[in-house]
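The points below are meant for someone opening this entry for the first time. Please read them with the sequence and the model side by side.

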Amino acid sequence: MKRTNRVLTILIFVFLYIPMVVLVVASFNTGKDITEFEGFTLRQYSRLFQDSSLLELLRNSLIISVLASAAATVFGTVAAVGIHNLNPRLRKTAMTLTNIPMTNPDIVTGVSLSLLFVFVGTRLLGQRNSLTFWTLLIAHITFNLPYVILNVMPKLKQMDASLTDAAMDLGCTPVQAFFRVTLYEIMPGIVSGAIMAFTMSLDDFVISYFVSGLDFVTLPVEIYSYTKKPLQPKIYAMFTLLFLMILALMIAMNVIQLYTDKKKAHTRSAGL
């Protein structure tokens with residue numbers, strides 16, 4: 001049974017990562033046909049960094065992802081602390097409401113947000129172009145919030161509540177106790193939520209397609225127009241760099257988590 005499980009696990013990982021291997025190999029291929037590797041080259045990466053339009057689209061995606069993940073992390077952490085302090089019945093209701101946007105189809109979320117922004121922009125603010133950079137940013141913050149909350153909540157449940165009480169007994173105000181004790185204890189969950197929010201925002205196409213205007217277009221939305229014709233090899237190079245960036249973030253997250261857990265264990269053992 002163990003051998004079967006091991007084989008199935010290996011097959012699953014192979015199935016998950018083979019597409020990425022093909023993409024990486026294609027980015028170094030001298031030919032345009034991904035089914036035949038003609039030779040190794042870095043020319044596609046050189047062409048990528050010479051293409052100002054693609055770099056601008058990548059910059060737009062990074063700007064939105066950084067701003068949206070930062071705002072969602074702050075608001076989501078505050079929301080998670082507030083939900084955690086509710087009574088069990090209200091907490092369960094709040095978490096159910098938090099889970100709904102995650103299970104809701106992206107196309108429904110995108111269309112509903114687009115209708116809301118158009119209504120507010122045209123009817124209430126009198127703007128002709130209702131969909132702008134700000135509507136895109138608000139939409140990204142909105143769909144990122146549940147991911148931050150769901151990453152912070154387990155850390156709040158694992159935290160010893162007596163630590164906050166002890167800090168206030170020693171003279172800390174509730175705000176000081178939060179920043180000196182609670183924030184330190186839940187920091188791994190905050191970092192995980194921020195990284196997940198960043199990746200979700202960087203990757204999003206469906207919602208961005210409905211809420212973005214002509215003044216600010218992200219990379220996934222523009223790449224959609226490329227699917228109607230063969231992709232240029234330099235696109236493979238860009239996708240490879242994005243994959244490596246996300247991989248580096250995930251490794252950093254796990255290293256930070258491991259370091260934090262070891263530090264906490266050392267501190268508690270020293271206290272005992």
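Predicted model: local features only at pLDDT ≥ 70, side-chain atom pairs only at ≥ 80, totals over all residues.

1. A salt bridge is taken here as a side-chain nitrogen of Lys or Arg within 4 Å of a carboxyl oxygen of Asp or Glu. With that in mind, Glu-56 forms a salt bridge with Arg-59, and the closest N and O atoms of this pair are 4.0 Å apart. Both Glu-56 and Arg-59 belong to helix α3, where they sit three residues apart, about one turn of the helix. Glu-56 is partly exposed at a relative accessible area of 42%, and Arg-59 is likewise counted as partly exposed, at 45%.

2. The chain has 11 helices and zero strands, and its C-alpha atoms fill a box of roughly 70 × 60 × 40 Å when taken along the principal axes. Of the 272 residues, 38% count as buried. Among contacts between residues at least 6 apart in sequence, 72% join residues that are at least 24 apart.

3. The largest nonpolar core has 29 residues, of which Val-152, Met-153, Leu-156 and Val-211 touch the most other members. At least two residues of this core come from each of α3, α4 (88-103), α5 (106-124), α6 (133-158), α8 (174-203) and α9 (206-211), and α6 gives the most, with 11 residues. A second, separate core consists of 17 residues, including Leu-54, Leu-58, Val-221 and Tyr-226.

4. Met-153 deserves a separate look. Leaving aside residues up to four places away in sequence, Met-153 touches Ala-80, Ile-83, His-84, Arg-91 and Met-95.

5. Thr-73 is a residue of helix α3, which spans residues 52-84. Thr-73 counts as buried because its relative accessibility is 11%, which falls under the 20% limit used for that class. A polar atom of the Thr-73 side chain lies 2.5 Å from the backbone oxygen of Ser-69. Apart from residues up to four places away in sequence, Thr-73 touches Val-148, Ile-190 and Ala-194.

6. The accessible surface of the chain comes to about 16900 Å², and 67% of this belongs to carbon and sulfur atoms. On that surface, a nonpolar patch with about 830 Å² of accessible area together is formed by Ile-10, Val-14, Ile-18, Val-21, Val-22, Val-25, Phe-37, Phe-40 and Leu-42. Where does Leu-42 lie? Leu-42 is placed in the loop between α1 (2-27) and α2 (43-50), and it counts as exposed because its relative accessibility is 52%, a value that passes the requirement of over 50%.

Key: Residues numbered from 1 in each chain as written. Heavy atoms only, no water. Helix = DSSP H or I, 4+ residues; strand = E, 2+ residues; numbered from the N terminus. Buried < 20%, exposed > 50% of the residue type's maximum accessible area, 1.4 Å probe, protein only. Polar contact = N/O pair within 3.5 Å; in protein donor to acceptor, adjacent residues only side chain to side chain. Contact = heavy atoms within 4.5 Å. Patch = residues over 30% accessible without salt bridge, like charges linked within 9 Å, V, L, I, M, F, W, Y side chains within 5 Å. Areas by Shrake-Rupley, 256 points an atom, 1.4 Å probe, with all protein chains shown as cover. Core = buried A, V, L, I, M, F, W, Y, C linked by side-chain atoms within 4.5 Å.
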